[in-house]
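Hi there,

Here is the structure I promised to pass on to you. Have a look at it first, and then read on for what I found.

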Amino acid sequence: MALGPLGLSHEDLWHVTRGQLNDLIHAYNYKSYLARRERAELAAFIAIYQGKKPPSIDKLCGEWCGGQSKRRTGTGLRR
């Protein structure tokens, strides 16, 4: 039986190291960022189809920067 979004089994919890766990978390975050980017592209295509100016994909889903997704808001960056 898999536990949580990382899909670790009960046995994996005893054998995975902290470094491997960090890698799994990093990969999960990047995978969710790519899914958000895909949805943002779909939203832009729908806006184009409706004859509206499409929003920037980076504005919708943020930018991948050093293992984190950062979204621009106003004057600064927000995580």
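A word on confidence before anything else: this is a predicted model, and the mean pLDDT of the protein chain is 79, with 78% of its residues reaching 70 or more. Helix 2 has the highest mean, at 89, while strand 5 (residues 76–78) has the lowest, at 45. Over residues 73–79 the pLDDT stays under 50, and the model has eleven contacts beyond four places in sequence for that stretch. Please read that end of the chain with care.

Now for the overall layout. The protein chain has three helices and five strands, and from the N terminus they come in the order β-β-α-α-α-β-β-β. Of its 79 residues, 11% count as buried. The chain exposes about 6,500 Å², and carbon and sulfur atoms supply 56% of that area. Among contacts with a separation of 6 or more, 22% are between residues 24 or more positions apart.

After the helix comes Gly51, which has a positive phi, near 80°.

Helix 2 (residues 18–49) also contains Ile25. Together with Leu21 and Leu24, Ile25 forms a nonpolar patch on the surface, with about 200 Å² of accessible area between the three. Is Ile25 itself buried, exposed or partly exposed? Its relative accessibility is 36%, so Ile25 counts as partly exposed.

Finally, look for the salt bridge; the structure holds one. It joins the side chains of Asp58 and Arg37, at 3.1 Å from N to O. This pair links distant parts of the chain, since Asp58 sits in helix 3 (residues 57–61) and Arg37 in helix 2, 21 residues apart.

Enjoy turning the model around on your screen, and write back with any questions.

Best wishes

Technical notes:
Residues are numbered from 1 along each chain as its sequence is written. Side-chain values use heavy atoms; hydrogens and water are left out. Patches are made of residues with over 30% relative accessible area and no salt bridge: like charges are joined within 9 Å, nonpolar side chains (Val, Leu, Ile, Met, Phe, Trp, Tyr) within 5 Å. Accessible areas come from the Shrake-Rupley method with a 1.4 Å probe; for residues, only the protein chains shown count as cover. A salt bridge is a side-chain nitrogen of Lys or Arg within 4 Å of a carboxyl oxygen of Asp or Glu. Helices (H or I, at least four residues) and strands (E, at least two) are DSSP runs, numbered from the N terminus. Buried means under 20% relative accessible area, exposed over 50%, partly exposed in between (1.4 Å probe, protein chains only). Contact means heavy atoms within 4.5 Å. pLDDT is the predictor's confidence in each residue, from 0 to 100.
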